[in-house]
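Look over the chain shown below.

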Amino acid sequence: MDIYVLILPLLIGWILDKLLGDPVGLPHPVVGFGKLISFCEKRWNCGAHRMLKGGGAAIMLILLVYVGSALALHYLFLLNRWLGIALSAVLVFYCLAGTTLIREVKQVFLAADRSLEEGRKQVSRIVGRDTSELTDQEVRIAALETLAENLSDGVIAPLFWYLLLGVPGMLAYKMVNTLDSMVGYKNERYLQFGCAAAHIDDMANYIPARLTALLMVLSVGRPGLLRFVGKYGNRHASPNSGYPESALAGILNCRFGGPHVYFGEIIYKPFIGDKDRLIHTQDMHKAVDINRRAEILMIIVNIVCLYLVS
């Protein structure tokens, strides 16, 4: 395949994300994914065999997105190469979510610098936990934890799946991620129906999460921190989230984790790191810089690998 067909959409889509962030007010594939998931959940998350029905729905939706987008792009490229490249670039842009969350995390710290209440309100936009009783430090730590997790889920994982399966793979990953965010909860409503979706998400993020931690450590030139990541990465309740979080905690020499409130229930998360120190706004700026460096490294990895296989 022509190398430009592989690399141009990647670079254009990534640059658009850097310039614009999430396209507010424009149609977004993830919104459509959410409607499809909601449609299936309302009709099949009832009665007997909920786990089987939930697994079937998840696999069906992921395949629908992958096969449907692959066919659509194939025929569009046959019609006009540049139209195919343009649509591919737009879809890459839609699949990346690095810039918007960086903006949100910056807003959390700016709000927290003004007042605790503003910080709590701002961080509630990007975390699932109850923020009404968070301390100033818990607000800041929650934002940094989310920043690390999103680097994996919102940037490195989509780029990883682009490298393996192109734009259709990237879109299929976004469906996997959306399924997990909507039905992958261990509560009464979703425990059975969303079980398969949660496990598929864990598998889809297994390599990207660890790759994210590696890229973060390499971005600051401290490969020795991989021992720290190896020590704390598996302490998170999630099989994946602990790795980017532990990389950031090691780089910042701080501690993440501890008890949080989700849907009225206290969840005790193991601590990641052993340095219980105050988090300041300059730590946020350093974390953002790390995210950007890791992102650039992943783009370089993609370009080199795509060039070698083309």
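## Cysteines

How far is the sulfur of Cys305 from the closest cysteine sulfur? In this predicted model, the closest one belongs to Cys95, and the gap is 19 Å. That is too far for a bond, because a disulfide requires two cysteine sulfur atoms within 2.5 Å. The chain as a whole comes to zero disulfides by this rule.

Cys305 is partly exposed, with a relative accessible area of 31%. Cys254 is buried, at 1%.

## Overall fold

The chain has eleven helices and two strands. From the N terminus, the order is α-α-α-α-α-α-α-α-α-α-β-β-α.

Along its principal axes, the C-alpha trace spans about 60 × 50 × 35 Å. Buried residues make up 49% of the 310. Of the contacts with a separation of 6 or more, 71% are between residues 24 or more positions apart.

## Helix H1

H1 covers residues 3-20, 18 residues in total. Its first and last C-alpha atoms are 26 Å apart, close to the 26 Å expected at 1.5 Å a residue. At its start, a side-chain oxygen of Asp2 reaches to within 3.0 Å of the backbone nitrogen of Tyr4. Just after the helix, Gly21 takes a positive phi of about 70°.

Which residues of H1 are buried? They are Ile3, Val5, Leu6, Ile7, Pro9, Leu10, Gly13, Trp14 and Asp17. Their cover includes H3, H4, H5 (98-114), H7 and H11. Residues three or four places apart on an α-helix point the same way, because the helix has 3.6 residues a turn.

## Helix H3

H3 (50-79) has 30 residues. It reaches 43 Å from first C-alpha to last, close to the 44 Å expected at 1.5 Å a residue.

The buried residues in H3 are Gly54, Gly55, Ala57, Ala58, Leu61, Ile62, Val65, Ser69, Leu73 and Leu76. What covers them? The cover includes H2, H4 (81-95), H7 (136-183) and H8 (195-219).

Asn302 is found in helix H11, residues 281-309. Is Asn302 buried or exposed? Its relative accessibility is 0%, so it counts as buried. Its side chain reaches the backbone oxygen of Leu159 at 3.0 Å. Beyond its neighbours within four places in sequence, Asn302 is in contact with Leu10, Leu159, Tyr162 and Leu163. Leu10 is itself one of the buried residues of H1.

Glu41 lies in helix H2. Glu41 is also buried, with a relative accessible area of 7%. A polar contact of 2.8 Å joins its side chain to that of Asn45. Not counting residues up to four places away in sequence, Glu41 touches Val183, Arg189, Tyr190 and Phe193.

## Positive phi in loops

Which loop holds His49? It is the one between helix H2 (29-44) and helix H3 (50-79). His49 has a positive phi of about 60°, although it is not a glycine. Its side is open: His49 is exposed, with a relative accessible area of 61%.

Asn253 is another residue other than glycine with a positive phi, near 55°. Asn253 is found in the loop between helix H10 (242-252) and strand E1 (256-262). Asn253 is partly exposed, with a relative accessible area of 43%.

Definitions and conventions:
Residues numbered from 1 in each chain as written. Predicted model: local features only at pLDDT ≥ 70, side-chain atom pairs only at ≥ 80, totals over all residues. Heavy atoms only, no water. Helix = DSSP H or I, 4+ residues; strand = E, 2+ residues; numbered from the N terminus. Buried < 20%, exposed > 50% of the residue type's maximum accessible area, 1.4 Å probe, protein only. Polar contact = N/O pair within 3.5 Å; in protein donor to acceptor, adjacent residues only side chain to side chain. Contact = heavy atoms within 4.5 Å. Expected span 1.5 Å × (residues − 1).
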